[in-house]
Amino acid sequence: MKKKYVPVLSIAGSDSSGGAGIQADLKSFSALGCYGMTVLTATTAQNTKGVRGIHGIPVGHIIDQLDAILDDIPPKAIKIGMLDRPEVVEALANRLKNFSIPIVFDPVMVATSGDRLIQEETIASIKEYLMPIATLLTPNLDEAALLCGFEVNSFDLMKKAGKKLFDLNNQAILIKGGHLDNEVIQDLLILKHGESFVFENSKITSKNVHGTGCSLSSAIAAELAKGEVLQEAVLKARNYIFQAILLGRSVQIGHGNGPLNHFFNPQKQIINEVE
């Protein structure tokens, strides 16, 4: 019997250092047993220390890439990452708005190094066109602040931001609290009908966290593609990321923020307690 892989698509930018973006997505898909495909929206010149430049792919070629995939290998889920221009957002939203497969949108706006990755005018397009069709939105605190228009620096403000973002998305929001100055990381998942869940784990001291958000959103997409319900997909993806950070903290790659260990030894897994 032929083995069947679960196809998952990433629509995102390239990280030339391999730690985030399309490269992190493909590693996460592969680690979780899925077949990864890509639509490249932009290339970046970057390393573990920062972003040196961004070059946008022509919109027509972005859509050509997407159509080529959809015509031949229909994905079971889609992860969307960095979209640097309003015209890219609108073109993709128009092409994907009638699809019923899960779409996980990670609104990549600020790199781990602190560099801005998105044009100011793109945020309005994201709110109007892309957020309403996303199955799940996964902003970190900086991204939630840019989308909401106010600083998000506490768990109470995470809840306030989640409510505002839910009014724009109306499906599901996962606000990641890793940037809070706490010993425990709290992520807030808000679902339809007002349901909410808090996921917690201890914070790991490591400088190797480059690409954490990209890897988490792609891991959620992979789990959704395999048939998990959203809450369980988030739980499993968080456990994967927890272990990829924990078992990659001693690895030396580059001189700045290094990547996760996407392909850690499963025999050394430490199960993360989640509430």
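Predicted model: local features only at pLDDT ≥ 70, side-chain atom pairs only at ≥ 80, totals over all residues.
## Negative surface patch

Two helices contribute to the patch: H3 (86-96) and H4 (120-130) each supply at least two of its residues.

Glu 128 sits in helix H4. Its relative accessible area is 54%. The cut-off for exposed is over 50%, so Glu 128 counts as exposed.

## Helix H8

Helix H8 covers residues 230-246, 17 residues in total. At 1.5 Å a residue, the helix should span 24 Å. The C-alpha atoms at its ends are 24 Å apart, so expectation and model agree.

H8 is largely enclosed by the rest of the structure, because 13 of its 17 residues are buried. Asn 239 belongs to this helix. With a relative accessible area of 15%, Asn 239 is buried, since the limit for that class is under 20%.

Asn 239 can also be placed relative to Thr 135. The two are 104 residues apart in sequence. In space, their C-alpha atoms are 21 Å apart.

## Salt bridges

Side chains of opposite charge can pair when their charged atoms come close. Across the whole structure, a search finds eight salt bridges.

Arg 238 is in helix H8, while Asp 187 is in strand E8 (residues 184-190). The pair therefore ties together parts that are 51 residues apart in sequence. Both partners are buried.

## A bridge between neighbours and a bridge within a helix

Arg 85 and Asp 84 are both buried.

Asp 156 has 54% relative accessibility, so it counts as exposed. Lys 159 is partly exposed, because its relative accessible area is 41% and that class lies between the 20% and 50% limits.

Definitions and conventions
Residues numbered from 1 in each chain as written. Heavy atoms only, no water. Helix = DSSP H or I, 4+ residues; strand = E, 2+ residues; numbered from the N terminus. Buried < 20%, exposed > 50% of the residue type's maximum accessible area, 1.4 Å probe, protein only. Expected span 1.5 Å × (residues − 1). Salt bridge = Lys/Arg side-chain N within 4 Å of Asp/Glu carboxyl O.
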